[in-house]
Each structure stands twice: as structure tokens, then as C-alpha cells.
Amino acid sequence: MRETDPRSIAGKAPTPERRVPLVVVGAGVAGVAAAIEAAEAGIEVLLVDEHPVDNDMMAMDVPLCFGQRMDGAVRNRTAMLARVVETNPGLTRAYEAGVDVQLGTYVWGAFVSGPTVRELPAPMLGLADDRRSWLVGYDRLVVAAGARDVMLGFPGWERAGTLGAAGATALLTRYRALSARRLVVLGSGALGLHTAALALEHGVEVMGVVEVGPHVRGDAEAATALAAHGVPFFTSHTVRAARGGTGEIESLVLAALDGAGAPVPGSEREIACDAVCLAVGLTPSVELLHLVGARLRFAGALGGWIPEVDASMRTSVPTVFAAGDCAGFHDGMLADPDIARAQGRVAGLAAAESLDAIRGGTTAARSPGTPGAREAASLARPLAADGVHAHWQTWLASLVAAGGWEVNVCQCEEVTRRELVETMPPRYLLWDSPQMRARSVATLAGDGPINQDQIKRLTRAGMGPCQGRRCREQVGLLLAQAAGTSIDRIPLPTFRPPVRPLPLNVLWPADEPAAMREDWVSWFGIPTQFSPHWEAGMAIDEPTAHARLIVSDE
Amino acid sequence: MMTAVTTRGAAVVIVGGGVTGLSAGWWLARAGVDVLVLEKGIVGWEASGRNGGGATHVYSPLGLEEQRLWPQMDELLGYPTEYQPRRIGVALSETQLALARRWAEIGEARGFRWDALDRRQLKELVPIVGDNAIGGTYLHFGGHANPQRTVQAYAWALQDHGGRILQHTTVTGLTQRGGRVTAVQTTRGTFGADVVVIAAGPQTGQFADMLGVWLPLAPARVEMIATEPIPLMGVGGVAGNGLYGRQTLRGNLVYGGGPHEWIDVPDMATPEHANTPLVRNLARRLAELLPGAAHVRVIRAWSGLVENTPDGLPVVDRLARPDNVVVATMSSVGFGLSPAVGRAVSELVQHGRCLFADLGALALGRFADTPPDWRERAGWIAARPAAAAIAGHRG
């Protein structure tokens, strides 16, 4: 028996409320496929999905950029629960396959052992709904968390009505609760055209598709179909500003760009609209993969940081698999959901097989039509090998050229582009000094490679309640530009739990081990640590069991 | 791409770009001393930049200097630290009240003022305390600052005075000749030095060991949470209920406390700032402390790696042999004391002793008889990882 420090975590590790052989996070196409595949192989599966997300969370643009354009129906939880089931037939199929489906449930944390975490008895996830949080242990985890919006700012984008393609799509298809009536879509790639078509299909008027480049980027046929419905295309255009009173977008001002990408004076045109949808790109949602310690790599053609996976969609952490958009997103996946589905099936089957291997059994025969691992891996490759970030950078450059530097990059913390690249302390400090004015991203780059987390903590860009969802990518792009580097060379900014912003009285545990309460101290509980140096032998301490002191051999 | 590094040494080479090393370097640089700080990662990236920001350590031999310096630091550095004076202690039980009063009385013994607060007074000052609070203390001393902003301020101010910092530079060895350390070996070359300061936090003991010097240290991991901003309170330095922390000037509630996890030094070669489900327990205690904020959202959590000596007190000392080495390890309480300890180290470097305070209580000699197995005997040891707990080591 080792001696135990009563003030340490030893012996106080939490017991998960439940332990499940396989947890699948995300009930999109990939997650549903993984869950069904594993369940049909005889594995007990828990499928967790956060939709329907409650109104307060949506209002913070979490997990997607909803732009305050959800209608009042989202306040009715029961109705929304019914609606997300009705609009996602995969959920019913999963339920029928014996999968335990939990909707309206956030996965806000993933906790695993590591060099500095030894006392955790097993890997576990932090789950929560609107009322409480709990822990679930897992043997295998499939992360199918999807992709999220890449947002780029322009003057007035703080107004209600600025949403992202993923947020708009969720409101249109999953919630059927988009309140926008007249939408402008930014971006003419597959994502922009797809979003515009969805909007039309759901009776939303598309006031225009704006493209920074000289040509429509996406499929010509899809563009023609939109044009046939009267959707105007504005190529070689960018956004000057969004306008409106009382915090709402009422119009969008566009500016034409010349051959060098500079706004043409006098070319402005104002389009009446109540929503602007950023459909320039999506980036994989890798928060949980980062938390479990899966190795991530930067893949420009797949939307940014993605997990390294083998042919069976297994990450560098052998108990964790990734499938669907979070494993790497490209335009082809929008048109063909079979890609994500195949990845999900491969991941689900591989997870089931690896569970079976430890139980000494054999997995039920592979169902007909399950793609081979090799096939799924090849499906995961993008059609074009071009990185998306150069295109995002072009968009951002045009927005800076048309909108200037006094535009918030981080809405939550109100940090402008200029304040970011000049590493200005937040305005509320009212600080000014010649020394401070001499510092910038450029001078920091002289001290070492640019680190987004370091600059975040100085400027506060990305430190607000949306947890950087609206600014993470544009901050990275601006830093790369200011430091004369490219975004792939900037280390991944970390994700911290809880990866969903949860109230204290939701996150807190209803029950705690007695030892957690009895031995709790603010610091180490070393009785001499805070004792007055002029009173030898005096000890100040929170009066419970002392830490044991071994100073001398006596 | 790493720029080429000239292996130009300095009069004083400081091992460790945490808050202690940076403050020491800044004090030396502003005294005109040629100084070079070597940091394995980014300045202040470990516990120095991710702690509770408290600046109320009047019990320490460095405490009076800490209190004297903090109100001047913004001006002295030329960069903002977000220092805010005063503290409020909130007690939810008689035991907690006795503890809060004890802290206040220690300050009183040093000549500082404090007032006892009843529940009504407490609620006026901190509207989000609840009926579960029985009283508290108002300290007219102490305070808090923003750790990350402060470490960067030290680093920048050090550079402004001509000092140098090399980040992403790991110290691998110390060259000794004639009873002195003559150079510091790193992953980016060897740097000659007249005096070496070792201020490497949890790794300080390993560097002491290279010199044949016994400096017992046990590293540990501790966790904190931060909420979304809420309206500013008059005094942000509000703590109690087993939590340390503050309301930042932005309005976030940032708190830590509770059980630590002892770890091993070699584990920290690749530092991580992992959290555990302890964040939930922290949330519970914060909601108990400030029930009026129970609905406020937690938006991030993190952990920091700190070290402790066997008695929990710093070691700030100039070695007898080799006699040109100063060690400074703050035993997990370094941020608040940093203005003072930096000055103390600069005096140990320049004069061989601290001129403004008696550092006898912080001398290394007190551990001469500490047995090698002290961590095991105290129970301050890292758990062996349970086989089942290592993600991926099954199946």
C-alpha cells in the first residue's frame, strides 16, 4: 500500500453513471451508419446527438452559426424533438436496430488518461442536457461530429441575420425553423450553391449569390438551375457592409472588385435582405478528437485540421474512430452522402470488431453492401487537391479591402482586425503606452513561430462565450497574413472543455464522493505553505486532514 | 522556420522563461546587466500564465515587497498587468470564517488594515453571494492580476531594456569548470555565462541534480475553470469556499481549487494542460460560493503544472558550490510574489545576498536531511497508470 495524500485526487476519481461498449457522437449520416453497423454486429451502442439544441445555445451561435434566424418554434422543446426525429429518418432506423439514441444531449468533454492524468479509472465522456451533466464511460468511441461554419466578418456582421451555411442548413432541414425570408449567399462553390438551392426549396427567396472570383466556382448546372429561378450571381464582388436598424440586417452592400481584387469606387449596390449566409467553407469539428489526444494534421483540401486515420477510420488513439465531415470535409461529400455513410459503416464495423477481439468472440457476418475499408478511405479523398484556405484568404483580403481594419474579428470580445494584428490589449483596460504601441503580431513573429493561443490571451480574440466558433479561422488567417506565413504553419489553437458553454448549475455534479467534500482545500493543504515566516512553527491551514510533511529523516 | 541563433552568451543566463525567471531577467536588465532567458516553449506558457492571479502573500518574507511593488508594476513595466487591489473573503461556515480571519490577521500583523463583514455588508459588496454566506473579510491589502498579460509584460519589458529571450530552446546541460558553471548547453547551441539562474519551476530539481545539489520537488497538476463575463463587481478579488480566483476586468469568473494530482517530472517533457471531470466539482463549489451566478456558463477550463517542496515554501538561494548559481523555485506560489522574487534574485546575482528581505526561511539548506524517498513517505507520488485506463492499450 502506498501512502496517500488525502488532499490529492487519489481515490476520488469519478464513477461514470454508465459504461457503454461503444459511444457514437453525432447522428448525422456517418454517425447513424456507424451506430447501426455496430449494433447489427451485436454491440451495445449509445448514439448521442445534441440536436435539438436549446434556444439559448443557438443564440450564442453554438454549435453552428444560426445568426439569430431561428423562429419561435425552437423554444418548444417537445415539438423540436419530434421534428428532428421526423427530419432524420436515420434515427428511426438506428432505434430499430437496437441503438440507444439520446437526442438533445451535448458531449462537452472527453477525459482520458495521459502522462499528467493517472488517476482516471477509464476513458469517459462528459454529457449534458439542459438540466444536468453526467459522465459515460466507453470502450470504443466513434466521433462523427460533422463540420462547422467558417465565418469571415464585414462591417455590420454583428447584426442578427449573419449565419453560416451549416447553421442555415440545420435550421432549414432539421428544425424547419429558419426565420429568414430573403437571403444573400456568400460563396459560389458547391457549398454556396447547395445552400442557395436548399433555401429556394424551402421557400426562402435567394437575393443573390456573391463570389469574390470572376467565375462561379461550383457546378455549372447547379448554377444554371438557380439562375433559372431568378437568383442573381455577383461574381468579382465582395461585401462592403451589412446595414440595418435595431440590430437587424436589412440590406447588404456589395462592391465590385477589379482585376487586382481591389474594390471599384462607385460600384456599390445595396441588396435588401434579412439574412446573409457565409457559405465560403466548412471546417471539421475536431474538438473531441483533440481532447482524446488523437493526432491531428493540417489538410488544406479537407478543410483544415483533421484526425490521422487508418483505412478503418481508426485515429492514432486506437479506441477512437472518426467518420464523416469531422474526419475531413470536401465538396464531394455535400453531393454524395454515401461517402460519409461508407466512412461511418467502416468505423462502426471496425469498432465492433475491435471490441469483439477483446471479448474473444467473432463479429456477426458483415452485412451485404458494407464497403471495404480501402474503398472508404479512397472515398474520403477530395475530388480536387487544392487547399481551401487560399480561397478563404482571398475572400478575407477582399473583405478587408472593402470593409477596412476597424471591423470586429471577434464579436464576443469586440476585437477588431487592427487590434488583433497590433496585439492591442482590450479596450476596457484603457491602456496606452509607447512600448505597447511598438508591439504587434509582426514583432511577436520575430520572437518565435506565431501561436494563436498566445495572441488570443493577449488580445482576447476567441475568448468569448461562442468559444471561438465565429472567429477561430479568420483570426488564424489574419495572423498568418500579418506574420508573413501561412495558416497551416500556425499550430492548432487548443480546444478546452467544456466544448459547449454550460451553466455552472448544469455542469455541477448532483452527488460527490464524501472524500471530495471532506478533503477539499483551495490549495495543497501543506500546513506550512502559508504560515507566517516570523512565527516559526505556526501553521495556517484549512482544518481537515493534513498533508503529511516529510522534511527531514527524524 | 527557425532563424539561425548566434550562440552568444550573456553575463547572466536564466534557465526558464516562467514568471520568476522573466521577473528576475527584467530586474537585471533594467539594472543594466546583460541577460539572456532560455525557455523551452513560449514565455509564461506553464503555470506562470495560467494561475489564479492572486497577489496576496503577506505571510512570506517577500510579502511586504510584493505589496509595495504591485501597484507600481504597470508603470514600471510599460505594459498592463490588470493589477487590481484588495480582496474579499467569503465564508459559508464558521470554519471558513475562521480561515478567512486568520488570513486577515496575518496581514494585520504586517501592518495592513482589514474589516470584518457581516452577511448584509458582504451582499452589498458582492451582490451574487447567497444566504448561505455567514460573513467575510475585506482586506485593504492584497489583490490580483492577469497572469498571462503579466508574463508577457515582463518578457517585453525585459527586451525593452536590452535583455534577450530565446523561446523554443531547451536546456540540456550545464558546463562546469573550476567550481563554477561556465556555460549552458541547449538544443540551439551553448551559451557562456558568468552567473546562471535556475528558475525552471518543476524542472528546477533536475537542473540542481546536474550540479550535484539536492533540491526535493514534487510536481502536480491543478485545474481551473472560467465562466462567461458577468457585470463587474467593485472588488473582483472575491474568494472562499475552498476556491481561489477572481473576477477578471472583463467580467469572467475564474476559479480553481480542490484536489491536485501528483505527477512525475519526466512526464512533463511534453506538457499538456489536460482537464478531468474535476471541472464539474469546481463548478459546484463556485455556484455555492456565488449562488447569484449559478446560471452563468462555463466557457473553458485548463490545468497547470506546479511544483512543491516538502514544506511548500520556495527555495530562493545562491548555491555555495558552484557559487555562481542562483536557484529560485516558488513551490507553486510564484505568480503573486513575482515582482519581489525577481528583485531578490537580481540582488542574489549582483550582490550575493538579498538586500531588502531576510531569505533565511527560503534557504536550500533546510532540505539537507530530507530523505530521497520523501515523496513516497508523504504520499506525494504519481499513480501508476491503470492498464485499463490508458486509452487504446486494449484490443
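User: Which strand of chain A pairs with β15(B), and in what sense?
Analyst: Strand β22 of chain A, residues 502-503, pairs with β15(B) in the antiparallel sense, over 2 bridges. Keep in mind that this is a predicted model.

User: What is the bridge partner of A:Leu502 in β15(B)?
Analyst: B:Val298 is the partner of A:Leu502 there.

User: OK, zooming out. How many residues does each chain put into the contact?
Analyst: Chain B puts in 115 residues and chain A puts in 107.

User: And how much area do they bury between them?
Analyst: About 9,700 Å², with 60% of that on carbon and sulfur atoms.

User: Switching to charges. How many salt bridges are there across the interface?
Analyst: The rule finds 7 between chain B and chain A. One of them joins B:Arg285 to A:Glu512, and their closest N and O atoms are 3.0 Å apart.

User: How many residue pairs are in polar contact?
Analyst: 51 across the interface, counting pairs with both residues at pLDDT 80 or more.

User: Which elements of chain B give two or more residues to the side that touches chain A?
Analyst: On the helix side, α3 (73-77), α4 (94-109), α6 (147-160), α8 (278-289) and α10 (374-378). The strands are β10 (218-229), β14 (261-262) and β15 (297-308).

User: Which gives the most?
Analyst: α8(B), with 11 residues.

User: What does that side of chain B look like by class?
Analyst: The side touching chain A has 58 nonpolar, 30 polar and 27 charged residues.

Notes
Residues are numbered from 1 along each chain as its sequence is written. Chains are lettered from A and ligands numbered from 1 in the order in which they are written. This is a predicted model: local features need pLDDT of at least 70, side-chain atom pairs count only at pLDDT 80 or more; totals for chains, interfaces and linings use all residues. Side-chain values use heavy atoms; hydrogens and water are left out. Contact means heavy atoms within 4.5 Å. Buried area is the accessible area (1.4 Å probe) that two parts lose on being put together, summed over both. A salt bridge is a side-chain nitrogen of Lys or Arg within 4 Å of a carboxyl oxygen of Asp or Glu. A polar contact is a pair of N or O atoms within 3.5 Å; within protein, one must be able to donate a hydrogen and the other to accept it, and residues adjacent in sequence count only if both atoms are side-chain atoms. Helices (H or I, at least four residues) and strands (E, at least two) are DSSP runs, numbered from the N terminus. Ala, Val, Leu, Ile, Met, Phe, Trp, Tyr, Cys and Pro count as nonpolar, Asp, Glu, Lys and Arg as charged, and the others, Gly among them, as polar. Two strands pair if DSSP finds at least two bridges between them.
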